[in-house]
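Have a look at the structure first, then read on.

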Amino acid sequence: MTAPTTPIPVHLHIGDRRLAQASGGTHDHIYPADGSTTSRIPLAGAAEAREAVEAASEAFKSWRRSKPIERRQMLQRLAQLIRDNDAEFGRLGALDNGTPATFAAGGAHIAAEWIDYYAGWADRIESRVNSTVMADGELGYTLAEPYGVIGVIITWNGPLISLGMKVAPAIAAGNTVVVKPSEMTPYSGELFMKLAAEAGIPAGVINMIPGSIEAGDALVRHPLVEKVSFTGGPVTARKILAACAEQMKPAVLELGGKSANIIFPDADLDAACTFGVFNSIGMMSGQGCAFPTRLLVHTDIYDQMVERVLAIAAHIKVGDPFDAATTSGPVINEAGMNRILAMIETAKTRGAGTLLMGGNRIGGALASGYFIEPTIFGEVDPDSDLAQKELFGPVLAISRFRDEAEAIRIANATRYGLSAYAETRDLGIAMRLAEELKSGVVLINQSRNIQPKRPFGGLLDSGYGREGGKEGLDEFLRVKTVGIGLPR
């Protein structure tokens, strides 16, 4: 029987080749639950990035002409294969980044949901007639065409879900892709590529190159890459945009967030607290771009909300990702842990708020891993770094507000605009918030985020472009206008 932490061999997937060595050197993958090295990962350099783009470009010649119904069927098979392998994805997801295996297995079903959704669009791509012979003396219409090769760069916190969100719509639309995943989370992508081949997706349609910074730069700058889809941080995004600008190349950017969760007195407080705690400092150890990491509470219910929040947070079980009772695992690596702890210490010393819970590295049996206590600050200054900067860890900041106008002002007072949350039974308040909050997504009363049928994406430093819904498909199609004058 395979031990839970036994790795699988990782390769570069370029066309029909599987490479165990590459010019970018290697990366020692560290299991964040105990700091051990699981395996040495081959890294693509610029040369392999170029080869992958060329393989994708060659595959595009036939893939764009494949029957849409065949693309749909392949994607549907891939979605089912991912569901069938949820336990292994759970194991590999835990090994990748320390996400509890039960949650990582659930992520396989979310990825499959996205792939199934875009499979349904593959044979429903339509063009539009805009001129007719009788009315205009000519025939005019549009063609929705794939771009060609799409460069996809994803980060480490949800690699399998990101593949579902980005790869599925791109290839459903008739594009081919070169994916550069994070070298810190290589295992889920390796299994994804194996299943893509089993689903019948031709070699070269999806290429995957864990790689160096040079590989990412070469991918973005390659003239055969027609568009870039990136998930990560604003600093890297600006570098990608600068490279894209040299060739007037479009991009989709899904970046960070500092999402507010506004609680009004008429809300279901127990439900609001459970949702707010689990989705900020419980799930994925707070390492999510769209998590509600700022809790804005009406002053009339502030004390009772804090009491409830602390009681719920006390039941978060931090521990071994392979223990079924674990609800929160480690953060991604030692550097991430040290960065989060430093930001917590700065918040304490500068008086950004009152530390109510946590704030420390966990020792004892977990001392060798990168575990941080679920951490909660109260009475947080909305203008402090604690309320303004993305910590990307298990830290929740609670602030007061007096009325609706102040809640909106505080919620909008950051450079981020990815998601916003609110809890209220008042339909008028809910509808006003939907219009006034500066955010790509507004979710009321525990509405689920990142559903494939709904567009997801941000504003400002949270990026631009959309993933999900028809809008997510349209990101990978460009419109050509055709006019045909009839011979006289």
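Predicted model: local features only at pLDDT ≥ 70, side-chain atom pairs only at ≥ 80, totals over all residues.

## The largest cavity

Residues are numbered from 1 along each chain as its sequence is written, and side-chain values use heavy atoms, with hydrogens and water left out.

The space inside the largest cavity comes to about 90 Å³. It has 16 lining residues, and Arg294, Ala411, Tyr416, Ser419 and Lys438 sit nearest its centre. Sorted by class, the lining has six nonpolar, seven polar and three charged residues. (Ala, Val, Leu, Ile, Met, Phe, Trp, Tyr, Cys and Pro count as nonpolar, Asp, Glu, Lys and Arg as charged, and the others, Gly among them, as polar.)

## The other cavities

How many cavities of 30 Å³ or more are there? The count is four. On a 1 Å grid over the protein atoms alone, a cavity is a set of points where a 1.4 Å probe fits but cannot get out, while a pocket is an open set with protein on both sides within 12 Å along at least five of seven lines; lining residues have an atom within 4 Å of a point. Grid points are joined across faces, edges and corners, and a volume is the space filled by probe spheres set on the points.

The second largest cavity has a volume of about 60 Å³. Its lining includes Gly257, Lys258, Glu390 and Phe392, and by class it has three nonpolar, five polar and two charged residues.

Now for the open spaces. The largest pocket has a volume of about 1,200 Å³. It is lined by 45 residues, with Thr155, Phe230, Gly232, Gly233 and Thr236 closest to its centre. Two or more lining residues come from each of α8 (213-221), β10 (225-231), α9 (234-245) and α12 (334-349), and α9 gives the largest share, seven residues. The lining splits into 19 nonpolar, 15 polar and 11 charged residues.

Of its 40 lining residues, Ile110, Ile161, Met283, Met284 and Ile450 lie nearest the centre. Elements giving two or more residues to this lining are α3 (86-97), α4 (101-122), α6 (159-172) and α10 (269-282). The classes here are 19 nonpolar, 16 polar and five charged.

## How α6 meets its neighbours

Two packed helices are described by the angle between their axes and the distance between the axes. (Axes are lines fitted to C-alpha atoms, for helices over the stretch in contact, and angles run from 0 to 180 degrees between N-to-C directions.) α4 and α6 pack at about 10 degrees with axes 8 Å apart, which makes α4 roughly parallel to α6. (Angles under 35 degrees count as roughly parallel, over 145 as roughly antiparallel, 65 to 115 as roughly perpendicular and the rest as oblique.) Their contact residues are 13 nonpolar, two polar and no charged.

α6 and helix α7 (residues 187-198) have axes that come within 9 Å and cross at roughly 45 degrees, so the pair is oblique. Contact, meaning heavy atoms within 4.5 Å, involves Pro159, Leu160, Leu163 and Val167 of α6 with Ser188, Gly189 and Phe192 of α7.

Conventions
Helix = DSSP H or I, 4+ residues; strand = E, 2+ residues; numbered from the N terminus.
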